[in-house]
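The sequence and structure come first.

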Amino acid sequence: MPNTAPGAQRLAGGVDEDASPQAPARPATRAWRWAAVAVFLLVVVVLFDAYLHLSGTYAENSDEANILLMANDMLHGNVTLSGWNVSDVPFITTELPQIAVLVGIFGLRLGTAHIAAAMTYTLVVAVGMLLAKGRARGWPAVARMALALAIMLAPQPGVGIFVVIFSVGHIGTAVPVMLTWLVIDRLWPPGRTTVADLRRRWYVPVIVALLLGWALMADPLVLVIAVLPLLAVCLIRVVSSAVGGARRGGGLRGLRQGIADRLFEVSLAVAAGIGYVIVLIGRGVLSSAGGYHQQPVLYALDATRTWFWHSRVVVHGLLEMFGAYFVPGQDPQYPMTHLDQAIALTRLVTVVLAVWGACAIARRMFFRDADFVSQLLLAGIIANIFAYIPSTFAAHTALNTREIAPVLPFAAVLAGRMLGDRLVSGPLASVRLPRFARSGAGGGAASAHSLRVRLIAIPLVALFGWYSYGLFRQANTPPAPEPLAKLATFLENNHLHYGLGGYWEASVLTVETGGTVTVRAVTPACMQPYKWESKPSWYDAKLNSANFLLLSQEPGYFTQFAVNGVALQLLNNWYGPPAYPAGWPHYYRFGGYYWAPASKPPHELVKIYYYTAREYPGNLLTQLSRIAKVMNNPPTVACS
């Protein structure tokens, strides 16, 4: 039911359907409009530069390297990624084409991944600011956009940067989703809808269906954060309107009229279904054309006793995204100084504003005049978090909160739309500034004007400046060194050019050296092709010859690759006497070492090198199927 309090709809970001139309606002001059566009573009350029430096503080890994290899393949004509085993998120219609263009401009190198990451997050911030602005003009528009920007401005080094900037993950998916909501916000007028309105603007549901299909083709998460929320919110608005029509004394006639007033929402629900059908057809076309093979989304519910721990991980990850995780000592690679801690503490204000904005629309969720876009954003946030917490995805570190990365821009836009207007209007204390003179129209007589400034805006502007200082302080952090550059040089100097290894080293080395040293990922269980962001042709013994195996024991999250001992013993037997002279395989050890307990009694400490390359006299690719056959036969260890 509508809130009858004076000004309630305006303050909540909704539309007062029963209010008389306001007088048209004085049109802004062309100069002011161009100045606003110029300032916006300048902000975007400055943010891109800052985010490029922030992305560089996180070392590259094989996820990004494989994305670069796929984009390079697209650039050279394989637009359907034929022959590729992609992950559960193919990015085929969104980030991959973008990265392909960047590879064509800057080349196939690890630095291109940072350029792509900075561009993606800059687009997220820019589109988020435009969506937060909505239909506002003047200072309310500035307040909305500034509030959204402040919340998204500066994720923290480490987890925050990995989740929302560097990782080729779900943060980029927020761009097409917010573009879809932007189309709805800008192309369809608020209020009641008639059949004539729907006929005049028939193209809006069509555009929405195409945008949702485009996004869902790239990322299955769109089903959770966009398609299902759109269906749910449309249902809520139709039911609210129907109930409101009946309760106002219209009875069955009022009920029918209430539903008729929401024809736009009905058309959008149909558009969501059409978008899903577009994806099904698109995947069928790609499959028939010999396109990529996509891995299934391994979504599974975890035990209920783990959900509390999952919630703690989610809180940690979200605070890192907001730049507000103030607990020191969590990541030794990114130590937190007292100044960093102070910045993080003050950024808790952005968390409060985001929660406040969510609560403001939550209490009006079932009102007929609630802001449609804000409802969609809140529904997307709730669906994303509540689908993630009970799942096995949340059973990892905060790095895996990239699965809920869209929560950050959604919450920022929501706060801007729901609270931005209150900074320049509404029941807040204000102060009138001294009058100033301005020339009248056509150079006529001058007229005196004065400005009102909301007192709350003064500390918020100061806080925004403080946040900006924090962003550029982080951007001045020295970039992380290329992770395996020295190892790549070591392998090349020892004439080791094509080999097998662990996932986290393989493609990084390949891209690092431009293919001079090529390493293909195999499973640690039994040395089989790693079917995750790879091509079967990499393991074809008729096309390639791999003569070394790279083992890694370097401590860390993206390291530790040791093949099953049975597989190594098989290789030693097959490449030893009498078929080959004694002394094979040759061992090449690189990097430092550490002492670790032996795996067998008497459990003495043993010296373990960070990297060890085992060179064999034959082509290891010819032995992969043989290893799998032996290890799949009892009583040896099963190959998985």
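Which element gives the largest share of the lining of the largest cavity? That share, four residues, comes from α5. The model is a predicted one, in which local features need pLDDT of at least 70 and side-chain atom pairs count only at pLDDT 80 or more, while totals for chains, interfaces and linings use all residues. Residues are numbered from 1 along each chain as its sequence is written, and side-chain values use heavy atoms, with hydrogens and water left out.

**Cavities**

A cavity is here a set of points, on a 1 Å grid over the protein atoms alone, where a 1.4 Å probe fits but cannot get out, and its lining residues have an atom within 4 Å of a point.

The largest cavity is lined by 13 residues, and Ile99, Ala113, Ala116, Ala117 and Val168 are the closest to its centre. Two or more lining residues are given to the largest cavity by each of α3 (62-75), α4 (95-106), α5 (110-133) and α7 (159-166), where helices (H or I, at least four residues) and strands (E, at least two) are DSSP runs numbered from the N terminus.

The second largest cavity has 14 lining residues, with Asn66, Tyr503, Ser507, Ala521 and Trp538 nearest its centre. The elements that give two or more residues to the lining of the second largest cavity are α3, α20 (503-512) and β8 (518-521).

**The contact of α5 with α7**

The axes of α5 and α7, taken as lines fitted to C-alpha atoms over the stretch in contact, with angles from 0 to 180 degrees between N-to-C directions, come within 9 Å and cross at roughly 80°. The two helices α5 and α7 are therefore roughly perpendicular to each other, a term that covers angles of 65 to 115 degrees. In this contact (heavy atoms within 4.5 Å), His114, Ala117 and Tyr121 of α5 meet Val164, Ile165 and Phe166 of α7. By class, the contact has five nonpolar, one polar and no charged residues.

**Individual residues**

Accessibility is judged with a 1.4 Å probe on protein chains only, where buried means under 20% relative accessible area, exposed over 50% and partly exposed in between. His495, in the loop between α19 (485-493) and β7 (498-501), has a positive phi near 60° although it is not a glycine, and at 60% relative accessibility His495 counts as exposed. Glu533, in the loop between β8 and β9 (548-552), is likewise a residue other than glycine with a positive phi, about 55°, but Glu533 is buried, with a relative accessible area of 5%.

Ala412, in helix α17 (residues 407-419), is buried at a relative accessible area of 0%. Leaving aside neighbours within four places in sequence, Ala412 is in contact with Ala148, Ile151 and Met152. Ala412 and Ala148 are 264 residues apart in sequence, while their C-alpha atoms are 4.6 Å apart in space.

Note on methods
On a 1 Å grid over the protein atoms alone, a cavity is a set of points where a 1.4 Å probe fits but cannot get out, and a pocket is an open set with protein on both sides within 12 Å along at least five of seven lines; lining residues have an atom within 4 Å of a point. Angles under 35 degrees count as roughly parallel, over 145 as roughly antiparallel, 65 to 115 as roughly perpendicular and the rest as oblique. Ala, Val, Leu, Ile, Met, Phe, Trp, Tyr, Cys and Pro count as nonpolar, Asp, Glu, Lys and Arg as charged, and the others, Gly among them, as polar.
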